[in-house]
Amino acid sequence: MAKPKPKLRKSQTNNTKPSTPPKPPPPTWPPFKPPLPVIPLSPTPHPSFPDKIVLLPNFFPRSLCRSYVSFLRTLPLTTTPGRPRKGEAVRVNDRFQVDDPAFAERLWAETGLRDVLAQEEFAHLWGGQVMGLNPNIRVYRYSKSQFFDCHYDDSNPVALPPNNTPCKTTWTLLLYLTSASDPDGCIGGETVFYPHDRQLEKEAVVVAPETGLVLLHKHGNDCLLVSSYYLSRDG
């Protein structure tokens with residue numbers, strides 16, 4: 001027997017979606033002291049892949065690296081899960097991530113990076129006019145036996161201030177804050193590239209961490225297969 005549809009009480013008809021908790025504000029990053037660059041930046045294309053890997057030694061001086069290492073210990077880093085989601089690479093490290101356009105602009109405009117990458121001799125590398133850095137800032141901390149397995153870095157659409165200019169990322173920028181040359185620096189953790197989309201050690205192109213070094217490598221459709229070696233000592 002059909003029955004009349006019951007009327008729902010007001011509390012049952014509330015379709016309001018639960019509010020998303022606000023994102024925490026960006027941290028107060030340490031100032032760049034001494035003013036940067038301390039010495040003129042000199043981009044050095046890697047001899048094995050000069051169009052896909054570029055090194056910038058001494059981007060941060062050691063004193064500033066130490067300041068940032070101390071500061072980053074105060075951030076709420078979280079350990080990535082050992083079992084990745086489908087399609088993701090295995091990585092075991094501690095991570096902090098924040099969208100911070102202001103800090104991205106500082107790294108771009110107050111370090112000498114913008115000026116040196118705009119030089120004509122490097123213009124052919126970037127795939128278009130270089131506009132700035134992705135405001136998505138990621139901090140990775142590796143402890144002993146942690147690593148990042150083989151993966152490809154994707155290209156992402158971004159909108160850069162002040163006018164929300166639509167752009168596309170084309171290169172990954174890594175800044176190393178410690179290395180084996182520091183008294184308590186890390187040992188291991190090299191960034192490793194494989195040129196033929198296969199993990200063969202005899203073909204590996206290895207970039208060892210250097211304190212204050214920036215490593216730029218092309219990503220998106222032109223990304224090399226990349227991973228990081230295990231750490232044998234914390235930094």
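A residue is called buried when its relative accessible area is under 20%, exposed when it is over 50%, and partly exposed in between, using a 1.4 Å probe and protein chains only. With that rule, 41% of the 235 residues in this chain are buried.

A word on where this comes from. The model is predicted, so local features need pLDDT of at least 70 and side-chain atom pairs count only at pLDDT 80 or more, while totals for chains, interfaces and linings use all residues. Residues are numbered from 1 along each chain as its sequence is written, and side-chain values use heavy atoms, with hydrogens and water left out.

Now the chain as a whole. Its accessible surface is about 14,800 Å², and carbon and sulfur atoms hold 54% of that; the areas come from the Shrake-Rupley method with a 1.4 Å probe, and for residues only the protein chains shown count as cover. A contact means heavy atoms within 4.5 Å. Of the contacts between residues at least 6 apart in sequence, 76% join residues at least 24 apart.

Next, secondary structure. The chain has three helices and 16 strands. Both are DSSP runs numbered from the N terminus: helices are H or I with at least four residues, strands are E with at least two.

Which strands form the open sheet? There are three, in the order β3-β5-β6, with antiparallel pairing. Strands pair if DSSP finds at least two bridges between them. The edges are β3, residues 78-79, and β6, residues 136-141, each pairing on one side only. Between β3 and β5, which covers residues 94-99, there are two bridges. In one part of that pairing, Thr-79 has Asp-94 in β5 as its bridge partner.

Side chains of opposite charge can pair when their charged atoms come close. The rule here is a side-chain nitrogen of Lys or Arg within 4 Å of a carboxyl oxygen of Asp or Glu, and the count is six.

Asp-94 pairs with Arg-141, with 3.2 Å between the closest N and O atoms. Asp-94 is buried at 7% relative accessibility, whereas Arg-141 is partly exposed at 34%.

Glu-203 and Arg-198 also form a salt bridge, at 2.5 Å from N to O. Glu-203 is buried at 17%, and Arg-198 is partly exposed at 41%.

Asp-115 and Arg-114 have their closest N and O atoms 4.0 Å apart. Here Asp-115 is exposed at 54%, and Arg-114 is partly exposed at 37%.
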